Amino acid sequence: MSRPRAFVETAALQGDRVTLTGDGYHHARRVLRLGPGDELELFDGAGLVARAIIDGAPHRALNLRIAERHLQPPPAGPTVTLVCAELKGDKMDLVLQKATELGVDCMVPVTTVRSVPRPAADARKRRHARRRKVIREACRQCGRAYLPEVSPSRPLAEDLATHAGDEAFVLWESTEAGGLAAALAGSTAQSGIVLLVGPEGGFTVEEVDTAREHGFGEVTLGPNILRADTAALAAVTLASAHLGRLG
Ligand code: SAM
């Protein structure tokens, strides 16, 4: 059984002692019932990992002494970026959580012609903060030392031009092209693999054309029409498997 983990900001991991409060405290103390003498693995999401021992439990906090720390190297090889259309309800949270477990390095929510409407600026800010929390929690649970990035939501057209030099694929159920797995097998990507998935209502033909103009290759995930969240996770799984991240 792996050691219980808690996320702390990088600055908090520089000294020999840490005081854990907030979500980290709640999970360790209230959920796992940890107390003085128990160990925790602290991580900052940027590769720094520390083994710490609880030596105090004042009100709504845990005091820990750092016994050792090390900087874990980042995952080798090309990065995996999932560009996913905004999805209805909490499906994007599910995609963020599962894609984090599956090894994605970066996620870019995009708005498309048929995706859910963009909320007002303050709602977008709150949503982005919640998404970063979803990712931190997924990293805590699965043992990753590096947090994947999640960018604020942006229009698809704005994002397409930012992947020059990467091996980019648009997942399109109407394509005559070959499968993503075969395309990855032939991939020589050095910098990054980019996977673009549409919303529940699909891409417009114009959106696929624009993606193609920006160097995205069309690929299929087979004859079945997958739900957007299923397609996103299937694509990340294939890319991570191609890079040897899934054993
Ligand atoms: N046109 C679909 C339909 O008829 O229901 C709606 C889009 S599908 C639910 C959501 C997204 O998942 C698509 O935009 C595409 O990116 C991806 N997708 C689903 N099935 C796929 C497949 N077999 N091959 C490639 N992409 C697929």
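The lining of the largest pocket is made up of 11 nonpolar, 5 polar and 4 charged residues (Asp, Glu, Lys and Arg count as charged; Ala, Val, Leu, Ile, Met, Phe, Trp, Tyr, Cys and Pro as nonpolar; the others as polar). A pocket is an open set of 1 Å grid points where a 1.4 Å probe fits, with protein on both sides within 12 Å along at least five of seven lines; lining residues have an atom within 4 Å of a point.

The model is predicted, with local features needing pLDDT of at least 70 and side-chain atom pairs 80 or more, while totals for chains, interfaces and linings use all residues. Numbering runs from 1 along each chain, and side-chain values use heavy atoms, without hydrogens or water.

**Exercise 1.** Describe the lining of the second largest pocket.

*Solution.* 
1. List residues: Ala6, Phe7, Thr21, Gly22, Asp23, Gly24, His26, His27, Lys133, Arg136, Glu137 and Arg140 line the pocket.
2. Assign elements (DSSP runs: helices H or I, at least four residues; strands E, at least two): strand 1 (5–7), helix 1 (22–31) and helix 3 (121–142) each give two or more residues.
3. Find the main contributor: helix 1 gives the most, 5 residues.
4. Sort by type: 2 are nonpolar, 5 polar and 5 charged.

**Exercise 2.** Find the aromatic pair and place its rings in the chain.

*Solution.* 
1. Search the whole structure: there is 1 aromatic pair (ring centres within 6.5 Å; planes under 30 degrees apart are stacked, over 60 edge-to-face, the rest tilted).
2. Classify: Phe7 and Phe43 are edge-to-face, at 5.6 Å centre to centre and 70° between the planes.

Definitions and conventions. Rings of Phe, Tyr and Trp (its six-membered ring) pair if their centres lie within 6.5 Å; planes under 30 degrees apart count as stacked, over 60 as edge-to-face and the rest as tilted.
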